[in-house]
Amino acid sequence: VLAMTDITDRRQAEERLRASEQQMRGILDGLSTGVFTVDPDSLKITYANPAMARLVGSSSEQIVGTPCRSLVCAAEIGSCPALDRDGRLHSRECALRAADGRVVPVLTSVARAVLGGEECLVESVLDLTNLKQAEAEKAKLEQRLLQAQKMEAVGQLAGGVAHDFNNLLQVINGYTEMALAELDAAAPAVTRTNEVAKAGDRAATLVTQLLAFSRHQVLRP
């Protein structure tokens with residue numbers, strides 16, 4: 001009777017273990033985050049949920065049995081958190097190599113666990129592609145803002161220079177007009193004074209352009 005009781009207890013414990021394992025597999029299969037388990041001795045994958053299969057671009061059956069390093073953190077041999085079996089959770093960013101050759105930025109978390117009565121390493125993999133793209137776009141926007149601020153400073157400087165130069169130019173052009181009015185039309189200095197007046201007109205146009213730039217006005221070529 002004692003032997004039958006021992007067998008019954010053992011079978012009940014095995015049934016509870018199988019039920020618990022099935023429940024755990026059901027939970028892992030329903031996660032949107034990629035999860036796989038690794039044998040701590042061979043470091044080969046023993047299970048991969050559907051989300052992990054989608055991330056890799058393969059099937060769970062094809063992933064199982066492959067070394068975990070063939071998928072995640074392949075370029076970082078020698079610093080594998082899975083080898084540190086102190087029971088703590090290890091998280092870090094690294095790269096996942098998809099079946100089509102793509103390199104996907106991911107955040108991995110590795111922890112020690114017991115599933116189905118056996119010790120294993122459970123690793124979750126979160127795709128960081130969208131986050132990295134958002135960070136890159138943010139960096140571009142910040143660079144554009146910095147450039148806009150620089151242009152604003154240049155505009156303010158141009159406006160100040162234009163105002164000061166315009167004051168000087170009014171004196172130059174005014175005295176040039178007075179000189180032309182007083183000179184005899186046949187005087188040799190008339191030709192040279194006319195060139196000064198033309199240069200003054202061109203300078204006045206330049207001042208107008210600088211003022212328009214400082215005020216963010218549209219210039220007509």
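## Helix 4 and its cover

Helix 5 is among the elements that cover the buried residues of helix 4, where helices (H or I, at least four residues) and strands (E, at least two) are DSSP runs numbered from the N terminus. The buried residues of helix 4 are Gly-155, Ala-158, Gly-159, Ala-162, Leu-169, Asn-173 and Thr-176. Buried means under 20% relative accessible area, exposed means over 50%, and partly exposed lies in between (1.4 Å probe, protein chains only). The model is a predicted one, in which local features need pLDDT of at least 70 and side-chain atom pairs count only at pLDDT 80 or more, while totals for chains, interfaces and linings use all residues. Residues are numbered from 1 along each chain as its sequence is written, and side-chain values use heavy atoms, with hydrogens and water left out.

Helix 4 covers residues 129-182, and its 54 residues should span 80 Å at 1.5 Å a residue. The expected span is 1.5 Å times one less than the number of residues. The end C-alpha atoms of helix 4 are 77 Å apart, which agrees.

## Chain layout

The chain has 5 helices and 5 strands, and their order along the sequence is α-β-β-α-α-β-β-β-α-α. Of its 221 residues, 26% count as buried. Contact means heavy atoms within 4.5 Å. Among contacts between residues at least 6 apart in sequence, 39% join residues at least 24 apart.

## Nonpolar cores

A nonpolar core is a set of buried Ala, Val, Leu, Ile, Met, Phe, Trp, Tyr and Cys residues joined through side-chain atoms within 4.5 Å. The largest such core has 22 residues, of which Phe-36, Met-52, Val-72, Leu-96 and Val-125 touch the most other members. Two or more residues come from each of strand 1 (34-38), strand 2 (45-48), helix 2 (50-56), strand 3 (90-97), strand 4 (103-115) and strand 5 (118-127). Helix 2 makes the greatest contribution, with 4 residues.

Leaving aside residues up to four places away in sequence, Val-125 touches Thr-33, Gly-34, Phe-36, Met-52, Leu-55, Val-72, Leu-96, Val-106, Leu-107 and Thr-108.

## Pro-105

Pro-105 lies in strand 4 and counts as partly exposed, at 25% relative accessibility. Its C-alpha atom is separated by 7.2 Å from that of Glu-93, 12 residues away along the chain. Not counting residues up to four places away in sequence, Pro-105 touches Cys-94, Leu-126, Asp-127, Leu-128, Thr-129 and Lys-132.

## Salt bridges

A salt bridge is a side-chain nitrogen of Lys or Arg within 4 Å of a carboxyl oxygen of Asp or Glu, and by this rule there are 5. Arg-102 and Asp-100 meet in one of them, at 2.8 Å from N to O. Arg-102 is partly exposed at 42% relative accessibility, whereas Asp-100 counts as exposed at 56%. Arg-112 and Glu-119 form another, at 2.6 Å from N to O. In this pair Arg-112 is partly exposed, with a relative accessible area of 41%, and Glu-119 is partly exposed at 35%.

Glu-195 bridges to Lys-198, with the closest N and O atoms 3.7 Å apart. Both residues lie in helix 5 (residues 189-214), 3 residues apart, about one turn of the helix. An α-helix has 3.6 residues a turn, so residues three or four places apart point the same way. Glu-195 is partly exposed at 43% relative accessibility, and Lys-198 is partly exposed at 44%.

## The largest pocket

The largest pocket holds about 190 Å³ of space. On a 1 Å grid over the protein atoms alone, a pocket is an open set of points where a 1.4 Å probe fits, with protein on both sides within 12 Å along at least five of seven lines, and lining residues have an atom within 4 Å of a point. Grid points are joined across faces, edges and corners, and the volume is the space filled by probe spheres set on the points.

The lining of the largest pocket consists of 12 residues, and Thr-37, Thr-46, Leu-115, Glu-118 and Cys-120 lie nearest its centre. Helix 1 (2-29), strand 1 and strand 5 each give two or more residues to this lining, and the largest share, 3 residues, comes from strand 5.
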